[in-house]
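The exercises below ask you to read helix packing and a ligand site from a model, one step at a time. Please look over the sequence and the structure before you turn to the solutions.

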Amino acid sequence: MAVAQRVEHQMTDKGYVPVYTTRIVEQPWDEYSATDHDVWGQLFRRQREILPHRACTEFLTAQDAMGMSDEQIPRFDELNTHLARKTGWQLIGVEGLLPELDFFDHLANRRFPVTWWIRKPEQLDYISEPDLFHDLFGHVPLLMNPVFADYMQAYGAGGVKAHGIGPEALVNLTRLYWYTVEFGLIRQKDGLRIYGAGIMSSKGESIHCLESPAPNRIGFDLKRIMRTRYRIDSFQKTYFVIDDFEQLFDATRPDFSPIYRELAERPAIPAGNVLADDRVIQAGTGEGWPEDGDV
Ligand code: HBI
Ligand code: FE
């Protein structure tokens, strides 16, 4: 099969931005180079060295249970047999970021889009868009957890509905995704742990989010999160903490339409602010925070 091209980019006033494409591609496993497998191995080893006592237990046990290792890039079809048995999720290969409605529709049908290509050696420490390592290493293991898997499906169904409501609803939902699925923390008996994929696939942020005095750490609150702006070009200024995955899934039970209407009347909250009625676990020092740039 023709190996799909990298995600097209187009030059805009904001610089090169990825052009969303919807094509689903078979994982070209036989075409990965030795360098591709080596990049996977280096990133895998580096993360698994620092994640014990930082990642939540469910993540580490699931990653091992599905046979992920540093030896080579995992095969989607092998992971799909594990996922089918545990939670009914399936991975599909994509070229990169999908238009939101396509993305939500896949999640609503228990299909998780995984970028088929992996970053180059020179991009080891930072890549601007999600690649195979971010998606496969960061997002996929927790799809083996039945409650988190149900949350992801409910989130997708909510996204399809929000798409029909309008752009503000989508902004609220994108923030929810950002502060849970990408940058969420969870409270375990032995302390705070990572479950968000954006942290899990980043060495710097895996350490920063738990050990730096700079960020706020605040108890999960759905409406608070939906109003809170976030960072895409630096570590998060605030991390939200859930008590367990049931809390996350329960938050998706109510109909969000009245919530969207209520939040449309209230101003967004800057990424670094702490509110009087926040359940504050740690108010950050804010050291090193860039002045502007909240999304
Ligand atoms: N597409 N492939 C892919 N992966 C994502 O994580 C993703 C996406 N499109 C949109 C998107 N995430 C975010 O805007 C979500 O909040 C919807
Ligand atoms: Fe992601």
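**Exercise 1.** Work out how helix α6 (residues 146–165) and α7 are arranged relative to each other.

*Solution.* Begin with the axes, which are lines fitted to C-alpha atoms over the stretch in contact, with angles from 0 to 180 degrees between N-to-C directions: those of α6 and α7 come within 9 Å and cross at roughly 160°. That makes α6 roughly antiparallel to α7, since angles under 35 degrees count as roughly parallel, over 145 as roughly antiparallel, 65 to 115 as roughly perpendicular and the rest as oblique. Finally, α6 passes α7 in a left-handed crossing, a term used if the near helix is turned anticlockwise from the far one by less than a right angle, with clockwise giving right-handed. Helices here are DSSP runs (H or I, at least four residues), numbered from the N terminus.

This is a predicted model, in which local features need pLDDT of at least 70 and side-chain atom pairs count only at pLDDT 80 or more, while totals for chains, interfaces and linings use all residues. Residues are numbered from 1 along each chain as written, chains are lettered from A and ligands numbered from 1 in written order, and side-chain values use heavy atoms, leaving out hydrogens and water.

**Exercise 2.** Describe the arrangement of α4 and α7.

*Solution.* The axes of α4 and α7 approach within 13 Å and cross at roughly 55°. That makes α4 oblique to α7, and their crossing is left-handed.

**Exercise 3.** Which residues surround ligand 1, and which helices each supply at least two residues of its shell?

*Solution.* Taking residues with a heavy atom within 4 Å, one finds Gly96, Leu97, Leu98, Glu100, Phe103, Phe104, Tyr155, Thr174 and Tyr177 around ligand 1. The helices in question are α4 (100–108) and α7 (167–182), and the largest share, 3 residues, comes from α4.

**Exercise 4.** Identify polar contacts (pairs of N or O atoms within 3.5 Å) of ligand 1 with glycine 96, leucine 98 and glutamate 100.

*Solution.* On the backbone side, a nitrogen atom of ligand 1 is 3.1 Å from a polar atom of glycine 96, and a nitrogen atom of ligand 1 is 2.9 Å from a polar backbone atom of leucine 98. On the side-chain side, a polar atom of glutamate 100 lies 3.2 Å from an oxygen atom of ligand 1.

Key. Polar contact = N/O pair within 3.5 Å; in protein donor to acceptor, adjacent residues only side chain to side chain.
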